[in-house]
Amino acid sequence: MNLHEYQAKAVLREYGIATPRGVTLTDPANCAQAASQLGGSAWVAKAQIHAGGRGKAAGVKVCKSVDELAATAKGLLGKRLVTYQNAPDGQPVNTLLIEETLAIARELYLSITVDRAAERIGIVASASGGMEIEEVAAREPEKILRETVNPITGLMDYQGRNLAFGLGLAGDQISAFVKLLKACYRVFLEKDLALIEINPLIVTNDGQLLPLDCKMGLDDNALYRQKDLACQADLSQIDPKEAEAHAHNVNYIALSGNIGCMVNGAGLAMATMDLIKLSGGMPANFLDVGGGATAETVARAFQIILADSNVKAVLINIFGGIVRCDLIAEGIIQAVREVGVKVPVVVRLEGTNADKGRELLANSGLAIIAANDLTEAAKRAVEEAAK
């Protein structure tokens, strides 16, 4: 789950990390009030969406008058902002963050995430802030600074100083950076984050360190104990089908192909999509009903898949271990009857009660195509989608 920038900065302030002064705005009519509250003669209007590249897409703008601020708000609020990360459809802008302008001397980069190769929390920093960190890593890898945190000792001060020296900080800025980094590390641990990214972390003309932008991603598996953050989820930022799947505890990710996929297990889903690609097709989604799927879960998943108008065929690949194939078959039959499916459905069942499941499908009177193995199922689904 991702947080908006204004939500992430509120979390930082809880931990004593200073951020630029700002207010949120949902109605252009309140621009004068926001400007008066912040003071000054110029402000930065930032579209709040769950995607990067906002500045390049005119989603971040410096406004030098209230009229310009109001015009910017009218041009963004209620619209969809398309960036290189969310093209082609973009995401809706429901909120703007209006912030004070600051005199920027330098822009740095700082992030904390899980380094899966090292099996530890990793810290990445760079003196090339404000840029796409992937581009910096590819073109100038020597500018990427890294530290990994020993889970027994936690983040050590010397690691913060190493990064500060590498970033070219000096004097009081070094201790300020170490303090900020340790606070961010506490946020990462205590809020069960998967990512905290500050880009840019600015050095102002008077030497202060401030996070000008901040992204936070929470570990979905920990949302049950982060209820204060979980309730801030903005489901308007994700595909409506993904939002519905989330509400029914189904793992769904929309893709750009035309073959809908329903499986039970993430690994099986990846293998199924690989075989579709190998057979010359393109998956329309990743959908995992989980190991404990019920007939109702399958029926709901089927409806979510078919809500995508691009789907020309559906491939159901179930390996019955914990979940029984006959229950899956009942769910498929229920969904096909309720939804009125008009696209070919290819089913491959294997495992617990697979024979009974195939029997139920064969006797259903529905136009369901049975396959004996996954390769055959993938090839048949690709053929049907191409008709």
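# Guided tour of the pockets and domains

Select the lining of the second largest pocket: its residues divide into 17 nonpolar, eleven polar and twelve charged (Ala, Val, Leu, Ile, Met, Phe, Trp, Tyr, Cys and Pro count as nonpolar, Asp, Glu, Lys and Arg as charged, and the others, Gly among them, as polar). The model is predicted, with local features needing pLDDT of at least 70 and side-chain atom pairs pLDDT 80 or more, while totals for chains, interfaces and linings use all residues. Numbering starts from 1 along each chain as its sequence is written, and side-chain values use heavy atoms, without hydrogens and water.

**Second largest pocket**

This pocket has a volume of about 950 Å³ (the space filled by probe spheres set on the grid points). A pocket is an open set of points on a 1 Å grid over the protein atoms alone, where a 1.4 Å probe fits, with protein on both sides within 12 Å along at least five of seven lines; lining residues have an atom within 4 Å of a point. To find the centre, select Gly53, Arg54, Asn199, Asp213 and Lys215, which lie nearest to it among the 40 lining residues. Next, colour the elements that give two or more residues to this lining: β1 (2-3), β3 (43-47), β4 (60-63), β7 (96-100), β8 (104-115), α4 (133-139), β11 (193-204) and β13 (215-218). Here helices (H or I, at least four residues) and strands (E, at least two) are DSSP runs, numbered from the N terminus. Strand β11 provides the largest share, four residues. Domain 1 (21-100) and domain 2 (104-231) each supply at least three residues of the lining.

**Thr95**

Move to Thr95, in the loop between β6 and β7. Thr95 has 13% relative accessibility and therefore counts as buried (under 20% relative accessible area; exposed is over 50%, partly exposed in between; 1.4 Å probe, protein chains only). Beyond its neighbours within four places in sequence, Thr95 is in contact (heavy atoms within 4.5 Å) with Tyr6, Thr24, Leu25, Thr26, Lys46, Ala47, Gln48 and Leu77.

**Largest pocket**

Now display the largest pocket, whose volume is about 1600 Å³. Its lining comprises 41 residues, and Ile238, Asp239, Glu242, Tyr252 and Ile253 are the closest to the centre. Two or more lining residues come from each of β6 (91-92), α8 (240-247) and β14 (251-254). Helix α8 gives the most, with five residues. By type, the lining holds 19 nonpolar, 14 polar and eight charged residues.

**Annotated site**

Select Asn264, Gly321, Ile322 and Val323, where an unreviewed UniProt entry places the feature "binding site"; such annotations may be inferred rather than shown by experiment. These residues span 60 positions in sequence, yet no two of their C-alpha atoms are more than 9.9 Å apart, so they gather at one spot. Centre on Asn264, in the loop between β15 (259-263) and α9 (266-278). Asn264 counts as buried, because its relative accessibility is 11%. Outside the four places on either side in sequence, the contacts of Asn264 are Asp288, Val289, Gly290, Asn317, Ile318, Phe319 and Val323.

**Whole chain**

Zoom out and colour by domain: the assignment gives domain 1 (21-100), domain 2 (104-231) and domain 3 (240-386), with bounds from an automatic or database source. Between the C-alpha centres of domain 2 and domain 3 the distance is 41 Å. A cartoon view shows 13 helices and 19 strands. Along the principal axes, the C-alpha atoms fill a box of roughly 75 × 50 × 40 Å. Of the 387 residues in the chain, 49% count as buried. Finally, consider contacts between residues at least 6 apart in sequence: 67% of these join residues at least 24 apart.
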